[in-house]
Amino acid sequence: AEQSNESLKAYCDGCGELLSALCFTCIHCNYHLHKQCAEAPLEILNHPLHPKHIRRRLFLRQRPLPSDRKVYGCALCKEKRNMFVYECKTCYFSLDIKCAKLSSSYKFNQQPKLGIHSHPLTFIESLMAIYKCLDELPTKINHPSHHIHPLFLNRSDDSFCKLCQKEHFGAFYGCSLCYFNINLECALLRSIVEDKSCHQHPFTLFWKQDSFICDACGTEGNYISYICFTCCITVHKECTSLPHIIKFSRHDHCIFHKYFLETQELTKQDCKICFKEVKLDRGSYSCGKPGCNYVVHVNCVLENKDLYKVIEEEKQCEELYEKSMQSSIIRVIEVNEAGEATSVVHFSHQHCLVLADKIEEEIDRKCDGCMLPISNIFYYCSECPFFLHKTCAELPRIKQHWFHQSNATLNFNSFKYCGFCGRYCSGFFYDIKGWCMCLRCQLGAFRCGKCKFVLDFGCLTVPHLALHKIDEHMLNLTYHDDKEQSYCDICEQERDPSFWYYSCSICDTSAHFKCVLGEFPFLKDGSIVPYYYCHKDKHTLNFFRKVKGYPECSYCGKLCQEEILKCEKSACNYIIHYKCRWHY
């Protein structure tokens, strides 16, 4: 109050304007919001400046960093300003909060929303009250974490808190003699914490001078602990509010927090995220479904907030599971005595599909869903050459994907780019917020938990079995060759024996896996290629791996042998190499 108005100048972290009148502030750091910015809606529907995705919402996000390449600047003022923005999740369209207010009929008067800032915000009447809040705190305290000296309030410098082991900005209590500092939140802890949605009994604050193992997460803590005297458990401050039930994107069922695992037989359990051992007598998250042994460390599963959501009531678990298990089989026509569907209508095909366990003709047939060779039990169409593995036909139409909380929808496309393995493919794709993932990538895993063996999406999805005219038998993907010098039987070039290859143990055939698969192993012959048309009459073009005879390319004049684009009209002789498509 004694300082001049000039020295009290502060700016809103939402819109960048000078603070005046009503505002919200965080007393732990120099963070302020106008009342209007704090109450801004989290999303805007049908914004008139973005008709391209008129059915999609614009979502409020934290101010962009200067290095954020995904923000191209406000669509109205063309500036990339340091303030809140509303953005479209489908494209790079964005509006800063000031322009959104000017150009939208949406009223910015909703209640304050959480999630914009990591600390709780306190409503205050004016900028002067920011400093008044600190004036109400005691300048000197005796704290149980530091008995030998009193701690004094410091208003300006940044500090590293000895209790929570984190860097903090703004006011703190400290001892200059011992370089012992604690932030305001740790200094003014609640003595009793009670939240029945997380734990059925209250937790009582207990100061410890030495380290302890938290019963909730299984990791070490020091100084600050909370004790439940009913259950005889000791936990970190932040673990008093662990969610009881969460839905993790990498598991089909909800998982529950438990302070110890009850098992009929005391067997070793490994975390399904980090692959390290989960101690049976320490806190973890585990699946509640009978027979499912999915277990993860607390800190592993809660590390990324984008990969899980908190479930308020247990009855929601079954609702989520049923929603995610929506079948891609539209209707079952016939079943056998074992209860298997022998005739079905599938969303991806116009005719009925029939269950079979072998192909009568000895030809290379691939599943139209995953584009891998047909084997074991499958569905086929009696009216046209369409095949689906039974497992592919039974895939859920909607599921929560393993790398994102959003639902992924199963779609069928004859020519689509997978954004994960980087291949053009035919068949089933899961669409996740504008990303397309082929069926092989959706089964993804990246590394071995026991050693340093790592695969990218491209190598992860290489088929274990493949057919090629060079050998009458199925070729097996082989990972190591003991020979010092090896050659590819297709290209006749030297082959590095340390790299993967395909081989036939009966005929002693070996070849580079790229020579066996070609450049487009997962594209179906006859697939319509978008954006490219016949130069003569603008008809669509179809992709083919091979062509009969050796016709000349309509662009370069060289003979066509493999991977060509051909006009859909049989009377038209327009053919080009796939690689020549860019020039036409």
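Tutor: A strand is a DSSP run of E with at least two residues, and strands are numbered from the N terminus. This model is predicted. In its protein chain there are 9 helices and 43 strands.

Student: Where is Cys232 placed?

Tutor: Cys232 is in the loop between β16 and β17, the latter being residues 233–235.

Student: Why is Cys232 called exposed?

Tutor: The relative accessible area of Cys232 is 66%. Exposed means over 50%, so Cys232 is exposed.

Student: What is phi of Cys232 near?

Tutor: Phi of Cys232 is near 55°, which is positive in a residue other than glycine. Asp508 also has a positive phi, near 60°. Asp508 lies in the loop between β38 (501–504) and β39 (509–512).

Student: How do you know whether Asp508 is buried or exposed?

Tutor: Its relative accessibility is 57%.

Student: How much of the protein chain is buried?

Tutor: Of its 584 residues, 43% are buried.

Student: Which residues have the most contacts inside the largest nonpolar core?

Tutor: They are Tyr173, Ile255 and Tyr285, in a core of 48 residues. Strand β16 (residues 220–228) gives the most to this core, with 4 residues. Apart from this core lies another, of 36 residues, including Ile329 and Phe522.

Student: What makes Tyr285 a contact of Ile255?

Tutor: Contact means heavy atoms within 4.5 Å, and Tyr285 is listed as in contact with Ile255, so the two have heavy atoms within that limit. Leaving aside neighbours within four places in sequence, Ile255 also contacts, among others, Phe248, Tyr294 and Val301.

Student: Why do β40 and β41 count as paired?

Tutor: β40 and strand β41 (residues 540–546) share 4 bridges in the antiparallel sense. Pairing needs at least two bridges, so β40 and β41 pair. Val529 stands opposite Leu541 in β41.

Student: What is the order of strands in the open sheet?

Tutor: The open sheet has 4 strands in the order β40-β41-β42-β43, with antiparallel pairing.

Student: What makes β40 and β43 edge strands?

Tutor: β40 (527–533) and β43 (575–577) each pair on one side only. Neighbouring strands of this sheet are turned by 35° against each other on average, direction ignored.

Definitions and conventions
Residues numbered from 1 in each chain as written. Predicted model: local features only at pLDDT ≥ 70, side-chain atom pairs only at ≥ 80, totals over all residues. Heavy atoms only, no water. Buried < 20%, exposed > 50% of the residue type's maximum accessible area, 1.4 Å probe, protein only. Core = buried A, V, L, I, M, F, W, Y, C linked by side-chain atoms within 4.5 Å. Axes fitted to C-alpha atoms, helices over the stretch in contact; angles between N-to-C directions.
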